[in-house]
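Student: Please take me through one part of this model in detail. I would like the aromatic side chains and what surrounds them.

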Amino acid sequence: MRTGFRILQLAIALQAMAAPLHAAAGQDKPAFSARTPIEQLAANPAAKAVLERELPGFTAHPQYDQFKAMSLETLEAMFPDAVPHARVKAIDAALRAIPGPAKAPPAPAMAPAPLPVDPR
């Protein structure tokens, strides 16, 4: 019984130590890319500026409401002549360079409680 309890305590301690590592791993993900829905790009001033610089009039297109839920990658696949691959790659690189919103630092992991000493 004591062995099972100690294994549980060890598992909890390992999980607490690994939590900051999982939080740090997600920080490398860019805020935007060519896979982001176009309406989300248009809602961000920096991302919208990239779209308008690379595809002038894109967000004012008469059919914008029909494709705004799609990503640039989806549009490229559906209409390769309208959205060339080289242009999508350039837009993707520019979007990935946009810094994401500031994230709060992860909470420090709590130290595990010391294991009780068996007096035997």
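Tutor: Start with the rings: F58, Y64 and F67 are linked into a cluster by ring pairs. Rings of Phe, Tyr and Trp (its six-membered ring) pair if their centres lie within 6.5 Å; planes under 30 degrees apart are stacked, over 60 edge-to-face, and the rest tilted. This is a predicted model, where local features need pLDDT of at least 70 and side-chain atom pairs count only at pLDDT 80 or more, while totals for chains, interfaces and linings use all residues. Residues are numbered from 1 along each chain as its sequence is written, and side-chain values use heavy atoms, with hydrogens and water left out.

The structure holds 2 aromatic pairs. F58 and F67 make a tilted one, with 5.2 Å from centre to centre and 40 degrees between the planes. Y64 and F67 make an edge-to-face one, at 5.7 Å centre to centre and 80 degrees between the planes. Y64 and F67 both sit in helix 4, 3 residues apart, about one turn of the helix. Helices (H or I, at least four residues) are DSSP runs, numbered from the N terminus.

F58 counts as buried because its relative accessibility is 11%. F67 is buried too, with a relative accessible area of 11%. Y64 is at 13%, so Y64 also counts as buried.

Now look around F58. Not counting residues up to four places away in sequence, F58 touches I38, L51, E52, Y64, F67, L72 and L75. Contact means heavy atoms within 4.5 Å.

F58 also belongs to the largest nonpolar core, which has 20 residues. Such a core is a set of buried Ala, Val, Leu, Ile, Met, Phe, Trp, Tyr and Cys residues joined through side-chain atoms within 4.5 Å. I38, L41, L51, F58, L72, I91 and L95 have the most contacts inside this core. Two or more residues come from each of helix 2 (38-43), helix 3, helix 4 (64-67), helix 5 (72-78) and helix 6 (85-96). Helix 6 gives the largest share, 4 residues.

Finally, E54 lies in helix 3 (residues 45-54). E54 is buried, with a relative accessible area of 19%. Leaving aside neighbours within four places in sequence, E54 contacts R87, A90 and I91.

Definitions and conventions: Buried means under 20% relative accessible area, exposed over 50%, partly exposed in between (1.4 Å probe, protein chains only).
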